[in-house]
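Here is a briefing on one chain. It covers the fold, the surface and the salt bridges.

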Amino acid sequence: MDIGGGIGAIHHELLKDVARAATHVDASSAYLKEAKEEAVRRGHGDRVNFIHADFTDVAPELPKADLVTLDRVVCCYPDFRGLLKSAADHSKSAIALTYPRETWYMRFGLRVINFFQRLRKDPFRVFLHPVAEMDSLLKREGFERVSLRRLFVWEMALYKKSGGAE
Ligand SMILES: C[S@@+](CC[C@H](N)C(=O)[O-])C[C@H]1O[C@@H](n2cnc3c(N)ncnc32)[C@H](O)[C@@H]1O
């Protein structure tokens with residue numbers, strides 16, 4: 001289950017050898033159009049279910065998946081609690097997510113982006129959500145963090161269902 005998969009880089013990669021099928025839910029029709037074309041180009045067209053929606057709206061109708069991914073998605077969505085709770089409800093064994101690091105320069109950078117968004121009268125905003133709160137929410141939902149990697153801008157965390165299979 002690739003939430004906000006963009007052009008679908010993650011599921012295209014996993015479908016090569018690890019995953020049988022994927023569901024890509026995305027709020028952006030422009031991204032989905034590119035992702036569909038790329039899926040066909042790679043021969044994965046019939047293995048990906050594309051859904052154009054806000055994941056939190058359609059989550060109750062969707063089945064669970066082994067792995068749920070949110071790569072650079074929580075930072076585009078104001079209600080990280082609702083999004084992560086729905087993601088956790090849909091994961092049978094693991095959740096992987098990438099989000100901006102909570103550093104002074106990211107705080108500054110995101111403020112600058114939002115300042116220009118306001119000037120352009122574009123309602124889209126980026127968010128630096130509290131990492132500790134995201135972590136405790138996923139822990140409360142029964143997941144444990146098994147990997148954490150940091151780049152300059154992004155932090156990547158992998159959670160596995162506590163007591164789940166390897
Ligand atoms: C910055 S892009 C990242 C795309 C891709 N995951 C990547 O890393 O290249 C954020 C994506 O998340 C999607 N998105 C944000 N919130 C969403 C939500 N609640 N439900 C579905 N898609 C969402 C946006 O439409 C967009 O495609």
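How much accessible surface does the chain have, and what share of it belongs to carbon and sulfur atoms? The accessible surface comes to about 9,600 Å², and 55% of that belongs to carbon and sulfur atoms. Areas come from the Shrake-Rupley method with a 1.4 Å probe; for residues, only the protein chains shown count as cover.

This is a predicted model: local features need pLDDT of at least 70, side-chain atom pairs count only at pLDDT 80 or more, and totals for chains, interfaces and linings use all residues. Residues are numbered from 1 along each chain as its sequence is written, and side-chain values use heavy atoms, leaving out hydrogens and water.

**Fold**
- The chain has six helices and seven strands (DSSP runs numbered from the N terminus: helices are H or I, at least four residues; strands are E, at least two).
- From the N terminus, the order is β-α-β-α-β-α-β-α-β-α-α-β-β.
- The radius of gyration is 16 Å, close to the 15 Å of the globule rule for 166 residues, so the chain is as compact as a globular protein of that length. The radius is taken over C-alpha atoms, and the rule is 2.2 Å times the number of residues to the power 0.38.
- The C-alpha trace spans about 40 × 40 × 30 Å along its principal axes.
- Of the contacts between residues at least 6 apart in sequence, 67% join residues at least 24 apart (contact: heavy atoms within 4.5 Å).

**Burial**
- Buried residues make up 40% of the 166 residues (buried: under 20% relative accessible area; exposed: over 50%; partly exposed: in between; 1.4 Å probe, protein chains only).
- Helix α4 (residues 80–89) buries Phe80, Leu83, Leu84, Ser86, Ala87 and Ala88.
- Those residues pack against β1, α3, β4, β5, α6 and β6.

**Salt bridges**
- The whole structure holds 10 salt bridges (a side-chain nitrogen of Lys or Arg within 4 Å of a carboxyl oxygen of Asp or Glu).
- Lysine 139 and aspartate 135 meet at 2.7 Å, N to O. They are four residues apart in helix α6, about one helical turn.
- Arginine 145 also meets aspartate 135 in a salt bridge, at 3.7 Å, N to O. This pair links strand β6 to helix α6, 10 residues apart.
- Aspartate 135 is buried at 10% relative accessibility. Lysine 139 is partly exposed at 43%, and arginine 145 is partly exposed at 32%.
- Glutamate 155 bridges to arginine 150, with the closest N and O atoms 2.8 Å apart. Glutamate 155 is buried at 4%, whereas arginine 150 is exposed at 52%.
- Glu38, Arg41 and Arg42 are linked in a salt-bridge network.
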